[in-house]
Amino acid sequence: MLDRAPAEVPAKNEPARRVRFRGAGFVPASSRFGGWIALAFVIAIWQAAGSAGLVNPLFLPAPAAIARAIYQLAVSGALWQHLSASLLRIGVGWLLGTTAGVVVGFGIGLSRLARSVGITFISALFPIPKIALLPLLILWLGIGEEPKIATIALGVFFSTAISVYSGVDAVPRNLIRMAQSFNVPFATIVRKVIWPGALPAILAGFRITASVALLLVVSAEMIGAQYGIGAFVLQAGNLMQTDQLLAGVVILSVFGLAVGRVINWLETRLLHWR
Amino acid sequence: MDLIANHISHRFGDLAVLDDVSFTVSAGEVVAIVGPSGCGKSTLLSILGGLLQPTSGAPELRGSPPADSLNPLTFVFQDFALLPWANVEENVEFPLLHTQLSAAQRRAQVDDALRRTGLTDFRTTYPKQLSGGMRQRVGISRALAVRPAILLMDEPLSALDSQTRELLMEDFVRLLADGGMGAVYVTHNLEEAARLADRIVVLSRRPGRIREVVSVPMTRTERGEIAAREKLLALQNQIWSLIRNEAIDAEREVQHA
């Protein structure tokens with residue numbers, strides 16, 4: 001038996017003490033402008049250091065120099081030339097990889113045969129760095145856009161397939177049983193239950209595959225392309241034009257941010273029920 | 001239309017869950033299934049509703065369902081099983097989408113089901129915005145929309161607080177009052193069983209066998225009266241005495257598992 005000291009009876013005239021609040025913290029909430037203010041602060045310090053001659057502009061050009069480089073690129077038309085080449089490769093590669101990934105992912109999620117075959121292949125091939133396949137793809141598809149697009153499509157395909165079948169697996173089984181209990185046909189269950197149930201995982205996968213596509217397009221363009229942001233960055237690096245090089249990096253960063261915004265918008269529209 | 005459990009046995013691998021369970025639910029009759037934890041009540045309901053293939057025996061139907069019934073055997077689930085991305089109206093309409101009904105007919109059936117469950121003002125609300133009791137009302141409304149002959153209810157009130165349970169129990173009594181719809185009602189709660197069922201099937205501990213079938217000797221309307229409380233309590237005690245020792249054994253088995 002637990003031995004406890006008898007409870008003390010407080011004197012009636014003893015003053016009451018307030019119970020100390022212990023529930024604070026562990027609820028991180030980001031402020032709306034905090035990130036932008038921090039970014040502006042870092043850029044201001046960076047610019048000030050550059051203007052004061054504290055940093056060699058060859059090693060780290062000041063933000064104003066990078067902005068000038070972007071402006072000159074835009075005015076000369078080179079920005080659009082490089083950007084459009086990259087966007088085309090990313091767009092086509094991402095669409096091909098995503099379409100194939102969604103089809104295969106649903107197949108693996110819904111069919112026993114496709115699962116047993118598909119997961120083995122995906123497990124074996126997913127870890128391969130897709131850029132390593134570029135020389136082989138050039139051999140198969142020739143020198144041109146095809147091998148670069150195929151590299152991106154391959155990289156996107158595996159991540160998409162994995163996120164789709166994981167999403168299908170995560171759809172609550174009770175919802176599927178509910179639909180079956182009402183004799184809802186297979187195709188309607190897929191369309192009305194499994195697709196919306198898997199959508200959060202699929203959109204999360206899109207966020208990852210957009211980054212993968214960006215990474216692969218830059219790598220592929222560095223290996224063999226005349227135009228494209230990757231080719232431009234490599235060329236600027238070779239010529240020690242670090243302001244141009246960082247201009248390319250900023251453009252890539254802005255592109256990544258824009259894709260993130262599009263996916264946020266899609267999530268808000270399609271997952272409003274969460 | 002009658003629903004017949006015909007010598008149903010079931011195993012999950014080496015684990016025998018049900019052993020030779022047979023009974024009949026006549027048209028318009030409400031049969032409760034009670035028993036200790038793990039005796040196979042929910043498994044039996046899944047088998048009766050065609051969601052699980054029994055190891056031996058079979059669920060059978062005798063006679064025809066009402067002409068307007070779109071899904072004669074319709075489940076009401078313990079966890080409501082609502083589509084979180086669909087609002088109340090869309091959830092209730094969901095089982096009608098693949099039927100031959102026109103959009104106007106579907107709309108009429110949805111309106112009727114929402115009216116019967118008091119959800120007309122919540123048709124555009126999403127499940128996450130509703131309380132547990134309201135969510136279960138949506139589940140009931142969805143079941144009513146397909147005009148079932150027999151409702152298969154798997155502990156439909158167990159996830160709810162006592163006040164909501166009481167209110168929903170009143171709804172069930174009202175919905176089942178005219179005898180147009182039968183039900184199989186799986187529950188742990190003997191009070192619910194005694195209040196709602198015409199007969200109570202008492203299962204033994206696993207593997208579940210029928211220990212006894214107890215008839216409730218009162219109409220459901222009579223059971224709502226204060227004078228009936230004593231008789232209902234005696235009935236609950238009678239059923240509890242049947243399962244008490246096995247419920248204790250089942251509980252110990254769970255603790256030692």
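Chain A contains 10 helices and zero strands. The model described here is predicted. Along the sequence, the pattern of chain A reads α-α-α-α-α-α-α-α-α-α. The radius of gyration of this chain is 27 Å, whereas the globule rule gives 19 Å for 274 residues; the value is well over that of the rule, so chain A is more spread out than a compact globule. Taken along the principal axes, the box filled by the C-alpha atoms of chain A is roughly 85 × 65 × 35 Å. Buried residues make up 31% of the 274 residues in chain A. Among the contacts of chain A with a separation of 6 or more, 71% are between residues 24 or more positions apart.

Chain A touches chain B, with 15 residues of chain A in contact with 16 residues of chain B. On the chain A side, the elements that give two or more residues are α7 (173-181) and α8 (186-224). The most is given by α7(A), which provides six residues. By residue class, this side of chain A divides into eight nonpolar, five polar and two charged residues.

Just after α7(A), a positive phi of about 60° is found at A:Asn183.

In chain B, three strands make up an open sheet with antiparallel pairing, in the order β2-β1-β4. The edges of this sheet are β2 (15-25) and β4 (56-62) of chain B; each has a single partner strand, so one side of each is left without a neighbour in the sheet. On average, and with direction ignored, neighbouring strands of this sheet are turned by 10° against each other. Strand β1 (residues 2-12) of chain B runs antiparallel to β2(B), and seven bridges join the two. Within this pairing, B:Phe23 in β2(B) is the bridge partner of B:Ala5. Helix α1 (residues 41-48) of chain B packs on this sheet, where it touches β1, β2 and β4 of chain B. The direction of α1(B) makes about 125° with that of β1(B).

A further open sheet in chain B is formed by six strands in the order β5-β6-β7-β3-β8-β9, with mixed pairing. Strands β5 and β9 (210-215) of chain B stand at its edges; each has a single partner strand, so one side of each lacks a neighbour in the sheet. From one strand to the next, the twist averages 20°. Strand β8 (residues 199-203) of chain B pairs with β9(B) in the antiparallel sense, over five bridges. Opposite B:Val201 stands B:Val213 in β9(B). Helix α1(B) packs on the six-stranded sheet, touching β3 (30-34), β6 (150-154), β7 (182-186) and β8 of chain B. Its direction makes about 150° with that of β7(B).

Key:
Residues are numbered from 1 along each chain as its sequence is written. Chains are lettered from A and ligands numbered from 1 in the order in which they are written. This is a predicted model: local features need pLDDT of at least 70, side-chain atom pairs count only at pLDDT 80 or more; totals for chains, interfaces and linings use all residues. Helices (H or I, at least four residues) and strands (E, at least two) are DSSP runs, numbered from the N terminus. The radius of gyration is taken over C-alpha atoms; the globule rule is 2.2 Å times the number of residues to the power 0.38. A residue is buried if 20 or more other C-beta atoms lie within 10 Å of its own, exposed if 12 or fewer, and partly exposed in between; C-beta atoms are placed from the backbone. Two residues are in contact if their C-beta atoms, placed from the backbone, lie within 7 Å. Two strands pair if DSSP finds at least two bridges between them. Axes are lines fitted to C-alpha atoms, for helices over the stretch in contact, and angles run from 0 to 180 degrees between N-to-C directions. Ala, Val, Leu, Ile, Met, Phe, Trp, Tyr, Cys and Pro count as nonpolar, Asp, Glu, Lys and Arg as charged, and the others, Gly among them, as polar.
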